[in-house]
Amino acid sequence: MREGEVAVELPARFDASLYFIGRIRTPWKRREDCPKNPRETDAACVIELDPRWRAALEGLEGVTHILVLYWMHEARRDLVLQAPRHYSERRGTFALRSPVRPNPIAVSVARLLRVDGDRLTVVGLDCIDGTPLLDIKPYFASTDSVPDASVGWHEKQKR
Ligand SMILES: C[S@@+](CC[C@H](N)C(=O)[O-])C[C@H]1O[C@@H](n2cnc3c(N)ncnc32)[C@H](O)[C@@H]1O
């Protein structure tokens, strides 16, 4: 833990269970080698879908961008206040895109380059090699994009 960070006791039991539906293959073996966000990289990554779910890819042809949800399996889950290494100030977990959260679910909008069987090649991921895959959804620019959205603390930091 870094100075000023605060952890809480985790609940005694889980409320739900989920399936890992594949693994994500990326060039990065260590967290510190990953891009900080998906727009920082042009590296092609491969989503290896469990063949059981292959039929669920039907209709993805013609989809240019997908929402990829993945499970940050190396992240701790108990921090409520965090001081990420690349930001100077401490903030609440829900004000951050840090992988450290009660349910370490990550999301990225990735460009879909091709689908070969149960392998999807994409650009726009920021996780370590072998990260478990939770879900894939088409990205709808018409409803998912909010061009005038802003994050106050981040805007101030850029000035
Ligand atoms: C800031 S998070 C953003 C994740 C996602 N784009 C989001 O916004 O939900 C990305 C960082 O998580 C860390 N990371 C990558 N893969 C991880 C994993 N499997 N477990 C824990 N941390 C991971 C790396 O330090 C990477 O730079």
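Tutor: Strands themselves are DSSP runs of E with at least two residues, helices are runs of H or I with at least four, and both are numbered from the N terminus. Keep in mind that this is a predicted model, where local features need pLDDT of at least 70, side-chain atom pairs count only at pLDDT 80 or more, and totals for chains, interfaces and linings use all residues. Residue numbers start from 1 along each chain as its sequence is written.

Let's zoom in on β7, residues 105-116. On one side of the story is β4, residues 65-71, which runs antiparallel to β7 and is joined to it by seven bridges. Within that pairing, Leu 67 has Val 109 of β7 as its bridge partner. Then there's β8, residues 119-123, also antiparallel to β7, with five bridges joining the two. Here Asp 116 sits opposite Arg 119 of β8. The β7-β8 hairpin has two residues between its strands, and Gly 117 adopts a positive phi near 60 degrees there.

Now for the setting. The chain has nine strands and two helices, in the order β-β-β-β-β-β-β-β-β-α-α. Of its contacts with a separation of 6 or more, 76% are between residues 24 or more positions apart (contact: C-beta atoms, placed from the backbone, within 7 Å). As for overall extent, the C-alpha atoms fill a box of roughly 45 × 40 × 30 Å along the principal axes.

Conventions. Two residues are in contact if their C-beta atoms, placed from the backbone, lie within 7 Å. Two strands pair if DSSP finds at least two bridges between them.
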